[in-house]
Amino acid sequence: MTPLQREREIGLLAVCLSLALLASFGPSLAQSPHHHDFADQRLLWGIPCAMDVLSNLPFALWALVGGWALWGTRASGLSALSATSPHRGCAALFFAGLAITAVGSTWYHLQPNDAGLTLDRLGMVAAFAGLLGLAVADRVSARSGMVTAALVLLAGPLAVGVWAQTGNVLPWAVVQFGGMLLVVGLACFKPPHAGAGLPLGAIIAIYAVAKAFEMADHAIYDLTAHTVSGHSLKHIVASFAAWPVVRAMWPTGMSLRATKSGQNGPQTTKTKAVA
């Protein structure tokens with residue numbers, strides 16, 4: 001543990017305590033009464049709200065790609081991002097969270113209501129926890145990354161429970177938007193260890209575009225002559241937040257190459273790239 005990492009851990013602790021105080025003692029915030037009124041509610045192929053439902057598929061696909069990247073990292077031990085157990089653990093949590101998000105969001109959009117939204121938000125907690133833990137592990141320290149992921153896994157369901165019981169959405173807003181503000185702050189620092197690091201700027205940009213699509217749900221639906229809504233595009237764009245993580249975790253210098261067929265038939269081998 002270097003002095004720089006200790007300083008960053010103290011700063012991280014101060015930020016987390018501030019967010020916890022805001023979530024606990026901030027003013028009550030009611031959810032919009034129109035939250036479930038999505039623009040595109042068409043029944044297609046027998047699926048209600050079909051486009052908002054089917055646009056969750058990329059989350060599941062990225063989860064599979066992320067799992068493949070982690071398998072390769074475990075096998076080779078090399079990646080652009082530090083391949084320590086905390087990094088792999090947080091990344092695995094993030095990719096698992098994407099798969100859970102795909103299921104939860106699909107369930108919610110089949111029949112948008114508060115009960116489905118509760119499941120949707122609970123599903124997103126794992127992805128948030130993995131991403132924040134990975135960002136903190138990359139910019140602060142491995143141990144603080146694991147602690148951050150654990151705290152989000154605890155705080156997320158508590159925030160969803162508070163909203164479900166009282167209607168106060170502020171704790172959930174702190175988990176989601178406060179977490180992204182933390183990522184923005186971490187993006188201002190270089191990793192304290194050697195390596196390429198996690199491209200947090202790309203993740204922030206993707207998140208911002210996704211939120212813009214979400215806010216312009218009805219406007220985009222009208223602009224595209226009722227072809228696609230902003231919320232459907234939000235799902236697709238948000239799923240690409242996995243790409244910077246996959247790229248950082250992908251095994252360095254490793255590729256899959258099919259060799260020419262010989263007497264024993266075609267073979268696929270893992271080879272090191274030649275510089």
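Analyst: **Salt bridges and their surroundings**

R42 counts as partly exposed, because its relative accessibility is 26%, between the 20% and 50% cut-offs. The model is a predicted one. The partner of R42 is D40: their side chains form a salt bridge, with N and O 2.7 Å apart. D40 has a relative accessible area of 1%, so this residue is buried. In general, side chains of opposite charge can pair when their charged atoms come close.

The whole structure holds five salt bridges. One runs from E214 to K211, with the closest N and O atoms 2.5 Å apart. Both residues sit in helix α8 (residues 200-215), three residues apart, or about one turn of the helix. The other joins E214 to K234, at 3.6 Å from N to O. This second pair links distant parts of the chain: E214 is in helix α8 and K234 in helix α10, 20 residues apart. Together, K211, E214 and K234 make up a network of salt bridges.

The cut-off for buried is under 20%.

Setting aside neighbours within four places in sequence, Q176 is in contact with F128, Y207 and K211. Q176 belongs to helix α7. Its relative accessibility is 13%, so Q176 is buried.

Q176 also lines the largest cavity, and so does its contact F128. A search of the whole structure finds one cavity of 30 Å³ or more. The space in the largest cavity is about 50 Å³. Two elements each give two or more residues to its lining: α5 (114-139) and α7 (170-187). Helix α7 supplies the largest share, five residues. By type, the lining has six nonpolar residues, two polar and no charged. L131, L132 and V175 are among the lining residues.

One last stop is H226, in the loop between α9 (217-223) and α10 (230-239). Helix α10 is also the one that holds K234. The phi of H226 is near 60°, a positive value in a residue other than glycine. Most residues other than glycine have a negative phi. H226 has 43% relative accessibility, so it counts as partly exposed.

How values were computed. Residues numbered from 1 in each chain as written. Predicted model: local features only at pLDDT ≥ 70, side-chain atom pairs only at ≥ 80, totals over all residues. Heavy atoms only, no water. Helix = DSSP H or I, 4+ residues; strand = E, 2+ residues; numbered from the N terminus. Buried < 20%, exposed > 50% of the residue type's maximum accessible area, 1.4 Å probe, protein only. 1 Å grid on protein atoms, 1.4 Å probe; cavity = no way out; pocket = protein on both sides within 12 Å on 5 of 7 lines; lining within 4 Å. Points joined across faces, edges and corners; volume = space filled by probe spheres on them. Nonpolar A, V, L, I, M, F, W, Y, C, P; charged D, E, K, R; others polar. Contact = heavy atoms within 4.5 Å. Salt bridge = Lys/Arg side-chain N within 4 Å of Asp/Glu carboxyl O.
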